[in-house]
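Please read the following walk through a structure alongside its sequence and coordinates. The account starts with the overall fold and ends with single residues.

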Amino acid sequence: MKKINHIGVAVNSLDDSIEIFKKVLNVNPSKREIVDSEGVETVFFNLGESKIELISSFSKENTISKYLSKKSEGIHHICIEVDNIESEMKRVINSGIRVLNDNPKLGADNKKICFLHPKDTCGVLIELSQEINQ
Ligand code: CO
């Protein structure tokens with residue numbers, strides 16, 4: 001485990017929230033991206049060594065739209081950067097924590113990712129993320 005890579009924030013409107021976070025952070029977003037497999041659109045703001053990810057949903061069937069309809073906007077997950085996602089997943093699973101995807105999947109920002117079950121991690125949704133080497 002290396003560091004917090006980003007904090008994910010679920011939002012209703014990406015355009016509206018970009019304007020708000022531009023005001024707060026005083027920087028422009030670095031990257032806007034549609035993640036088709038997840039039915040979401042994301043944008044990243046770089047802040048030193050970490051990032052803030054805003055996530056909106058364009059499908060009704062995904063976790064973000066379910067989260068938004070249950071809880072409204074807010075902090076959705078914390079992402080921890082790792083060197084080797086397969087071995088970290090094994091280690092975590094062996095310690096009794098469930099994962100939401102058994103194999104790493106493709107996430108935004110050129111990453112392999114895996115989410116841990118929030119019921120096993122004090123209600124915090126934790127994303128493990130490994131940069132994909134070009
Ligand atoms: Co994320």
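The paragraphs below take the sheet, the helix, the metal site, the cysteines and some individual residues in turn.

This is a predicted model, in which local features need pLDDT of at least 70, side-chain atom pairs count only at pLDDT 80 or more, and totals for chains, interfaces and linings use all residues. Residues are numbered from 1 along each chain as its sequence is written, and side-chain values use heavy atoms, with hydrogens and water left out.

The fold contains an open sheet of eight strands in the order 2-3-4-1-5-8-7-6, with mixed pairing. Its edges are strand 2 (31–35) and strand 6 (105–107), each of which pairs on one side only. On average, neighbouring strands of the sheet are turned by 30 degrees against each other, direction ignored. Strands here are DSSP runs of E with at least two residues, helices are runs of H or I with at least four, and both are numbered from the N terminus. Two strands pair if DSSP finds at least two bridges between them. Axes are lines fitted to C-alpha atoms, for helices over the stretch in contact, and angles run from 0 to 180 degrees between N-to-C directions.

Strand 2 and strand 3 run antiparallel and are joined by five bridges; Lys31 stands opposite Phe44 in strand 3. The hairpin of these two strands has four residues between them, and there Gly39 takes a positive phi near 70 degrees. Strand 3 is also antiparallel to strand 4, with eight bridges joining them, and Asn46 stands opposite Lys51 in strand 4. This hairpin has two residues between the strands, and Gly48 has a positive phi near 60 degrees. Six of the eight residues of strand 3 are buried, where buried means under 20% relative accessible area, exposed over 50%, and partly exposed in between (1.4 Å probe, protein chains only).

Helix 1 (residues 14–25) lies across strand 2, strand 3 (40–47) and strand 4 (50–57), and runs at about 5 degrees to strand 3. Ser17 is in helix 1 and is buried, at 5% relative accessibility. Not counting residues up to four places away in sequence, Ser17 touches Val11 and Leu54; contact means heavy atoms within 4.5 Å.

Further along the sheet, strand 1 (residues 3–10) and strand 5 (residues 74–81) pair in the antiparallel sense over seven bridges. Lys3 stands opposite Glu81 in strand 5. Ile75 is also found in strand 5 and is exposed, with 59% relative accessibility. The C-alpha atoms of Ile75 and Gly8 are separated by 6.0 Å, although the two residues are 67 places apart along the chain. Leaving aside neighbours within four places in sequence, Ile75 is in contact with Ile7, Gly8, Val9 and Tyr67.

Which residues coordinate the cobalt ion? The ligands are His6 (NE2), Glu53 (OE), His77 (NE2) and Glu127 (OE), at 2.1 to 2.2 Å. His6 in strand 1 and His77 in strand 5 link distant parts of the chain, being 71 residues apart. Along the chain, the donors follow the spacing H-x46-E-x23-H-x49-E. Donors are N, O and S atoms within 2.8 Å of the metal (3.2 Å for Na, K and Ca); water is not among the atoms, so sites may look incomplete. The arrangement is irregular because the four donor atoms subtend angles of 81 to 170 degrees. Four donors count as tetrahedral if all angles lie between 85 and 135 degrees; four count as square planar and six as octahedral if opposite donors are over 155 degrees apart and all others between 65 and 115; anything else is irregular. Both histidines are covered: His6 is buried at 4% relative accessible area, and His77 is buried at 3%.

The count of disulfides, taken as pairs of cysteine sulfur atoms within 2.5 Å, comes to zero.

Asn26 has a positive phi of about 60 degrees; Asn26 lies in the loop between helix 1 and strand 2 and is exposed, at 68% relative accessible area. Asp109 has a positive phi of about 65 degrees. Asp109 is placed in the loop between strand 6 and strand 7 (111–115), and is buried, with a relative accessible area of 9%.
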